[in-house]
Each structure stands twice: as C-alpha cells, then as structure tokens.
Amino acid sequence: MNQENQPLKFGHFDDAAREYVITNPQTPWPWINYLGNDDFFSLISNTAGGYSFYKDAKFRRLTRYRYNGVPMDNGGRYFYICDGDTTWNPGWKPMKTPLDAYECRHGMSYTRITGRKNDVEASVLFFVPLGENAELQKLSIKNLSQETKRLQLFSFTEWCLWNAATDMENFQRNFSTGEVEIEGSTIYHKTEYRERRNHYAFYSVNAPMQGFDTDREQFVGLYNGFHEPQAVLERQPRNSVAHGWSPIASHYFDFELQPGEQRDFIFMLGYVENDDDKKFVGPQVINKEKALQMMARYDTTAKADAAFDALRKHWDELLSNFQVETDNPKLDRMVNIWNQYQCMVTFNMSRSASFFESGIGRGMGFRDSNQDLVGFIHLIPAKARQRIIDIASTQFPDGSCYHQYQPLTRRGNNDIGSGFNDDPCWLIFGTTAYIKETGDFGILDEQVPFDNQPGSEETLMEHLRRSFNHVADNLGPHGLPLIGRADWNDCLNLNCFSTNPDESYQTTENKTEGSKAESLMIAGLFVFTGEQYVELCQRVGQNGEAQRAEQCIQQMREAVEKHGWDGSWYLRAYDFFGNKIGSNENDEGKIFIESQGWCAMARIGAEQGMPEKSLDSVKQHLECEHGIILNQPAYTHWHVEMGEISSYPPGYKENAGIFCHNNPWVIIAETLAGRGQDAWQHYTKILPSYVEERNSLLHKVEPYVNCQMVAGSDAATPGQGKNSWLTGTAAWMWITAAWHILGIQPGYDALTIDPCLPKEARTYRVTRRLRNAVYHIQVNNPNGKEKGVSQILLDGQPISGNKIPYAEGEHEVEVTL
Ligand code: BGC
Ligand code: NOJ
C-alpha cells in the first residue's frame with residue numbers, strides 16, 4: 001500500500017489509458033465509478049463497494065448496499081484471499097489488512113483493482129460487457145514468490161430483495177421470502193420468482209467451486225462484520241442454503257499456485273427475465289437456460305478479454321467525435337475524456353443512483369434529463385432521440401410537466417407532480433440541440449402523447465409550442481413568469497409556507513392562488529430558449545408562429561428591463577406578496593447567480609450594458625476562490641416565505657453554496673460578452689483537473705468529475721465538495737468548453753466557429769465528427785485575442801463569415817482569430 005506522505009492527493013490521471021489511478025485506498029470519501037452502458041448498471045467504489053441494478057435502481061436492485069453504514073461504504077463485491085494466517089482483500093476493504101501494494105484504476109465503464117500481499121498479487125477487472133445484463137469480474141491471482149503457495153479464495157456478494165426501498169424496511173415479510181438455488185458453480189437468487197416476478201439474478205464462476213454459502217448468518221456469523229466473516233476466518237465454507245433471512249452468494253476455492261503461476265477466474269453477476277410460461281422447468285425449479293447461455297459467452301479468459309476489448313473500442317469511437325489538442329493537458333483530459341464520460345453517466349442515471357442519491361428517491365428529472373442529453377447527443381444521438389420522446393410523453397396538455405418519472409415505467413411520478421414552471425423551457429433546449437447535431441427534423445413530426453395517455457398524441461413540434469406557451473400564458477403582475485412550485489432552484493419555494501417539519505418542501509401543496517411570485521431566472525431562460533423556438537419555427541416554415549413568439553419574447557425583455565433590473569444586477573424574483581428577492585434592498589440574499597446567468601446569456605438590456613454590469617457584479621459579490629457562490633449574503637435564519645433555501649446552514653447547497661451547475665451559465669454569458677479571460681478564470685475554478693491539483697483532501701469527492709455542490713465561503717469548510725457525479729454541471733461544462741470556449745457549435749446547416757479564449761491561448765486543434773463528416777479544425781490566435789474570427793480557410797479556400805456549411809467527408813478548417 002502506498003505509504004508515501006501525500007496528504008493532498010490520492011492518485012493521478014493516466015491520460016494515455018484514460019484512467020484515474022488511485023494509489024491510496026483511504027480516499028477522503030469513496031471514489032466511485034459506473035459500469036454499464038445500456039440496461040445493467042453498477043456503482044463501484046475504489047474498494048469494490050457499491051451495488052448493481054437492472055434499469056431502475058429502486059425496483060430492480062440486484063445487490064444490497066448499506067446506507068448510513070459505519071464504517072462508510074459497506075457492502076459490495078468482495079474477494080477474500082487466505083494465505084496462511086493472513087486474510088486480505090485486493091481492494092483493502094473490508095478486512096483492511098495493510099497491503100504491500102494497492103491500485104484502483106477507474107476507466108471508461110470499467111474499474112481494475114489490484115492488491116498485493118506477501119508476494120501474491122490479485123487483480124480484479126470489473127465491467128459490464130456491451131449489450132449484456134451482467135457484471136463480469138475477472139480475477140487474476142498470481143504467485144510472485146519463489147515458493148509454492150496454497151491459497152483459499154472466498155467470493156462474496158449480498159442479494160437485495162429487488163425493491164431497494166422495502167428491502168430496508170419490511171423485515172416482517174423479507175425475513176421469510178428469500179430463496180436461492182445452487183447448481184454447478186452458480187448461485188441463483190430467486191426471491192419472489194414463485195409469484196409476480198419474472199426475473200432472477202445469479203452469481204457464477206467459470207470453474208468448479210469447492211464450497212459455497214448462501215445464508216449470511218452462517219457465512220458471516222450473526223455478530224460479525226464483513227471484516228471478520230466466520231467462514232473465511234475458519235477457512236471453512238458452510239455450504240449453507242438460505243431459506244428466508246438474508247440470502248448471499250459466496251464461492252469457495254482452495255488451490256495451489258507454483259512460483260510465477262497465475263490463475264484467472266471469471267465471475268459473473270447476471271440478471272435474467274423469462275416469459276411467464278417459461279419460468280420453471282420443474283416444481284419450483286427455475287428455467288436457467290438464458291443464464292447458462294450468458295455464462296457460456298464468457299466462460300474463458302479469452303472470451304472475457306475479447307468482451308473487454310470491445311468495450312474499449314466502443315469508448316474509443318464514442319470519444320472520437322470530439323477531441324481537442326491544446327498545450328494544456330489539464331484541459332485536454334477533461335474535454336477529451338472525463339467531461340464526456342460524466343455526460344454519459346448523467347444521461348444514464350439522471351439523479352437516481354450515486355453515493356449521494358440513494359437510487360430510491362428521484363428517478364429521471366424532466367429538466368435534468370433535458371439538460372443531460374445536450375451533453376450526450378454527440379456520443380449516441382439515437383439514444384438522445386428516444387429520451388426526448390420519453391420525456392415529452394410526460395408533459396401535460398397545458399404544457400406543464402411531471403417533474404420526474406421512473407425509468408422502468410417511463411411514467412410521471414405522482415408524489416412530486418408538476419408545477420415547476422421552468423420545466424417546459426428545457427424541452428425546447430434539448431430538442432433544438434438534438435436537431436442541430438443530427439439534422440433530424442423528422443423528430444418534430446413524431447406523435448407524442450401527453451401524460452402517456454393513448455389517444456392524446458400530438459406532434460413533438462406541438463409539444464414545443466405548448467412548452468413555450470406555458471410560460472407566456474402564466475405571467476405575474478410585472479409581466480414576468482410566475483414561478484409556480486419553484487424554478488431551476490428547487491429550494492426557492494415562494495408559494496410553500498410550510499411550517500410542519502414532517503412535510504417535504506418539494507411535495508407539499510403550494511398556495512399558488514393569488515400569488516405574485518415571479519422568477520427572473522425563468523424570464524432569462526424563456527428569452528433564451530424562446531429565441532431557439534423562434535429559429536426552429538422559421539426553419540420549418542412556421543413564420544407566423546415565429547412572429548407571434550418573437551413578440552412574446554420582446555415583451556419579456558421589456559418586462560425584465562423595467563421590473564427586473566436592480567441597478568447593478570438582475571433581480572432574482574418577486575415573492576408571494578410581490579416583494580423583491582435578490583435586491584440591494586434586501587438584508588440577505590441581495591444577489592443571486594441564476595438570474596445573472598440566464599438574463600446575461602439572453603443578453604437582456606444589452607443596449608444599456610446590463611449583461612456586462614451584471615457579470616461584473618457577479619465577480620464582485622459572488623466569486624470566491626472555489627467558484628461562484630449561488631447567493632450573497634447567505635441567509636442566516638429561516639424564512640417561511642422562501643422555503644427550503646433558507647433551511648440550509650449558510651454556505652451549503654442552495655443557500656450560498658457553490659452550486660456548480662449554474663457556474664457555466666455565467667461563464668457562457670462571459671463568452672457571449674467576449675470576455676475570454678474572465679470566462680477562463682471562472683471555468684478553471686471548478687474544472688476537476690484544476691481542483692485536483694489544488695487539494696483533493698479538502699475537496700473530498702472524486703477529482704475526475706464535477707460535483708453538484710462545493711461549500712461556499714460562509715461554510716465551515718469552504719471548498720469541500722459534496723454530491724458528486726449526478727449533476728447538470730456535467731452537461732453544462734461540456735457546452736461551455738465545446739461550444740463557447742473552444743467555440744465549435746453545431747447549427748442547423750453549419751458548424752459555427754466562434755472561440756472565446758484566455759489571452760495566453762495561441763493554438764489548438766479540434767477533431768469533430770458529425771453528420772458523416774470529419775472536421776479537422778486548426779485554430780490560431782497569433783495576437784492573443786479573446787474573441788473574434790478574422791479568417792477561415794475551408795479545405796484551403798477562404799470563406800466569408802464563421803459558419804462551415806455541413807458537407808460529408810473529411811475537411812481541413814484553418815481559423816485565425
Ligand atoms: C436539494 C435540491 C434538490 C431537491 C430535490 C433539495 O433538498 O437541495 O438540490 O434538487 O432537494 O428533491
Ligand atoms: C438538483 C436538481 O436535480 C436540479 O433539477 C435543480 O435544478 C438543482 N437541484 C437546484 O435546486
């Protein structure tokens with residue numbers, strides 16, 4: 001194990017391998033990765049903790065994970081290696097036996113954990129083969145000593161009784177339902193299969209096992225922990241068969257390794273569904289046909305290696321759609337590898353399953369998924385297309401939307417319902433970005449239902465019209481958008497007035513009747529996405545509709561200039577009673593980031609210099625060394641008329657935390673104002689590779705991805721990150737870098753080239769693939785300009801303007817600023 005004294009870092013980037021290499025297992029928080037690309041997913045920490053599920057982390061949970069565990073990160077897939085008196089795990093946990101060497105490499109949809117103890121090396125490669133509903137675990141054990149080694153090996157995983165919520169609470173039932181079958185070297189988990197379930201899970205290995213356990217109590221011991229399983233300590237499997245209580249799966253091997261010899265095992269954790277009439281082959285004997293076929297596909301090292309190669313190639317191809325070469329490796333590794341990877345993960349997970357999201361609460365978010373997909377379209381456009389249709393199908397006929405939906409059923413979630421008045425705008429944002437990348441105007445003609453009701457179908461274009469109108473038709477006394485339950489800031493609950501601690505701010509019935517609560521954030525978002533709607537209408541020949549929409553947008557601009565400007569920045573909102581929020585007149589919460597970002601991106605009041613003044617105010621009042629804070633001054637006490645925002649202690653979350661998701665809005669607004677230096681400064685403050693270099697210990701969470709929130713300067717621990725991985729920050733950092741800083745932005749019929757750079761940036765090269773074309777774009781900035789293209793050569797010929805019309809094939813583009 002790494003005993004070097006490196007308090008600020010726990011690993012490093014390996015860019016050639018596209019990996020982050022963790023060299024000390026005692027990271028300041030579990031540093032996780034995601035496995036799986038389609039339907040089967042796993043979370044895996046740097047000590048092999050985490051869990052697996054099929055499609056839905058709540059309803060189809062395969063393995064159990066312990067929330068609020070002590071110690072942290074309890075449960076996962078563990079291999080116990082017994083070597084004489086010593087027992088150890090390659091990932092250090094749960095035995096925590098000090099290792100002679102430890103390394104965890106998190107890569108693109110795979111993780112490799114290697115440990116060494118007493119001249120035995122064990123390396124486990126975890127991944128989900130493409131298109132397969134299973135996690136493979138390729139374990140290679142090697143004897144590095146000069147002696148023959150006799151080793152015992154125990155695998156271990158604990159089944160979840162499928163529904164991750166009831167699994168944690170309904171013990172009066174759970175302790176009687178668990179059932180397993182054991183056949184060959186496979187342990188089948190078939191709880192509830194006798195009744196309504198048509199699915200089971202299995203854990204197998206490609207060698208004849210010499211013992212097993214399926215009952216937790218017999219394997220671990222009732223009063224023992226995972227770090228002292230009785231069967232392992234005694235080197236004696238119990239061959240237990242679980243009936244109720246807590247079913248587990250453990251295989252046992254006892255074998256010798258000659259000096260230098262290596263042995264591989266391929267373990268497989270799989271999920272199978274059977275048709276109702278094919279569930280059983282005998283009385284209570286499950287049909288194993290599909291499972292056996294799956295196992296046969298990976299029953300040799302060569303087959304597993306081939307599946308891993310295919311996964312690597314898949315990622316090579318995905319990432320090749322956008323690659324940049326600058327002289328700054330910290331930028332390149334984020335843009336080329338980790339930012340794109342995080343966009344894939346947020347696309348797949350929305351806000352469902354991480355080490356901060358339990359997988360039980362929120363499913364897919366309407367606004368979240370619309371934003372996530374924009375960072376993902378260039379990777380797999382067809383999946384983005386389907387997602388847009390799924391999301392739009394949860395819209396209501398009046399244009400409002402279910403705030404969340406379950407991935408398994410794709411149905412809107414009634415617990416939270418609708419009423420977040422920013423939601424409809426994001427559908428325009430997602431759909432237009434998709435069409436610009438792909439040219440697929442056909443999606444607009446798709447027949448899409450409302451609230452998933454058959455017979456209610458209208459075209460997607462009609463959904464967009466209703467989205468636009470939902471804002472335009474719901475204006476308050478100042479002609480600004482009514483906020484509803486909340487806008488993007490879920491915690492600015494201006495119509496909630498909840499005084500009961502047993503209610504959720506998010507789901508409690510709101511008092512919208514007679515409310516004057518209006519949002520300047522929605523105003524900016526409406527103008528910005530409204531312009532996108534207008535442009536789309538023009539493209540499809542709906543010129544009358546474009547004109548009508550343009551008028552609404554113009555009125556909104558005027559309303560903001562008149563009632564939404566506070567002198568040096570944009571107001572944030574008007575509350576239920578019509579009082580200002582985010583005004584210099586307030587004692588606390590004088591200025592907020594969201595309305596600065598969106599109104600400045602929409603360039604509202606540009607003639608009076610409002611965007612630039614607002615951005616200057618952001619720098620003056622909201623910027624700190626770790627990023628841009630959401631609001632200042634923080635609320636120091638709770639305000640019933642504001643809801644959840646003031647429930648947070650100062651410096652955290654929506655109360656003056658650095659809520660990374662919204663930083664890019666300001667950064668983009670800076671680029672639209674042509675201020676490349678300022679944009680770069682804001683951008684690198686929250687760019688993970690820069691944060692990693694500053695202080696990983698303070699930052700606490702994974703250094704290779706963005707987190708949702710970094711504690712702000714009012715907090716006890718400024719700079720400490722929380723809620724890593726699942727955040728709209730991923731997509732927005734992508735949009736910021738790709739479209740606005742590097743300046744390669746897909747349009748309907750051309751690629752616009754409009755970089756906005758820090759002064760020191762001199763040259764870079766981007767390879768961009770889309771629409772059956774490859775553009776090799778060389779950007780030169782000989783005079784250190786921040787913005788403004790002066791010349792473009794397309795395949796050697798000068799063009800006028802900065803738009804490269806799409807044309808199939810390979811093209812050289814030379815851009816001079
Ligand atoms: C959090 C928000 C989150 C919301 C969702 C709030 O407590 O602060 O960030 O979106 O819960 O339920
Ligand atoms: C997290 C939610 O997922 C997102 O939709 C919201 O905008 C932010 N919290 C801010 O409240």
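Helix α13 passes helix α14 in a left-handed crossing, a crossing being left-handed if the near helix is turned anticlockwise from the far one by less than a right angle, and right-handed if clockwise. Helices (H or I, at least four residues) and strands (E, at least two) are DSSP runs, numbered from the N terminus. The model is predicted: local features need pLDDT of at least 70, side-chain atom pairs count only at pLDDT 80 or more, and totals for chains, interfaces and linings use all residues. Residues are numbered from 1 along each chain as its sequence is written, chains are lettered from A and ligands numbered from 1 in the order in which they are written, and side-chain values use heavy atoms, with hydrogens and water left out.

The axes of α13 (residues 593-601) and α14 (residues 610-622) come within 9 Å and cross at roughly 150°. Such axes are lines fitted to C-alpha atoms, for helices over the stretch in contact, and angles run from 0 to 180 degrees between N-to-C directions. That angle makes α13 roughly antiparallel to α14 (under 35 degrees counts as roughly parallel, over 145 as roughly antiparallel, 65 to 115 as roughly perpendicular and the rest as oblique). On the α13 side the contact (heavy atoms within 4.5 Å) is made by I593, Q596 and A600, and on the α14 side by P611, S614, L615, V618 and L622. By class, the contact of α13 with α14 has 6 nonpolar, 2 polar and no charged residues; Ala, Val, Leu, Ile, Met, Phe, Trp, Tyr, Cys and Pro count as nonpolar, Asp, Glu, Lys and Arg as charged, and the others, Gly among them, as polar.

A further helix pair is formed by α7 (residues 366-374) and α18 (residues 729-741), whose axes come within 8 Å and cross at roughly 35°. The crossing of α7 and α18 is left-handed. Helix α7 contributes Q371, D372 and V374 to the contact, while α18 contributes A731, W732, W734, I735 and W739. These residues of α7 and α18 divide into 6 nonpolar, 1 polar and 1 charged.

Salt bridges were searched for in the whole structure, and 57 were found. A salt bridge is a side-chain nitrogen of Lys or Arg within 4 Å of a carboxyl oxygen of Asp or Glu. One of them joins K383 to D38, with the closest N and O atoms 3.0 Å apart. This pair links distant parts of the chain, 345 residues apart: K383 belongs to helix α8 (residues 381-392), and D38 to the loop between β3 (32-35) and β4 (40-45). K383 is partly exposed at a relative accessible area of 25%, and D38 is partly exposed at 37%. Here buried means under 20% relative accessible area, exposed over 50%, and partly exposed in between (1.4 Å probe, protein chains only).

E132 and R297 also meet through their side chains in a salt bridge, at 2.9 Å from N to O. The two residues are 165 residues apart, E132 in the loop between β11 (120-127) and β12 (134-143) and R297 in the loop between α4 (289-296) and α5 (301-319). E132 is buried, with 9% relative accessibility, whereas R297 is partly exposed at 41%.

In the salt bridge of R765 with E812, the closest N and O atoms are 3.2 Å apart. R765 lies in strand β39 (residues 763-770) and E812 in strand β44 (residues 809-816), so this pair ties together parts that are 47 residues apart in sequence. Elsewhere, a network of salt bridges links R64, R66, E158, D167 and R216.

Backbone geometry was also examined. Most residues other than glycine have a negative phi, and most peptide bonds are trans. A cis peptide bond joins V70 and P71, with omega about 0°; P71 is in the loop between β6 (61-63) and β7 (78-83). Another cis peptide bond, with omega about -5°, joins K93 and P94, and P94 is placed in the loop between β8 (86-88) and β9 (101-107). The loop between β8 and β9 also holds K96, a non-glycine residue with a positive phi near 60°. K96 is partly exposed, at 42% relative accessibility. K700, likewise not a glycine, has a positive phi of about 75°. The position of K700 is in the loop between α17 (688-699) and β35 (707-710), and its relative accessibility of 26% makes K700 partly exposed.
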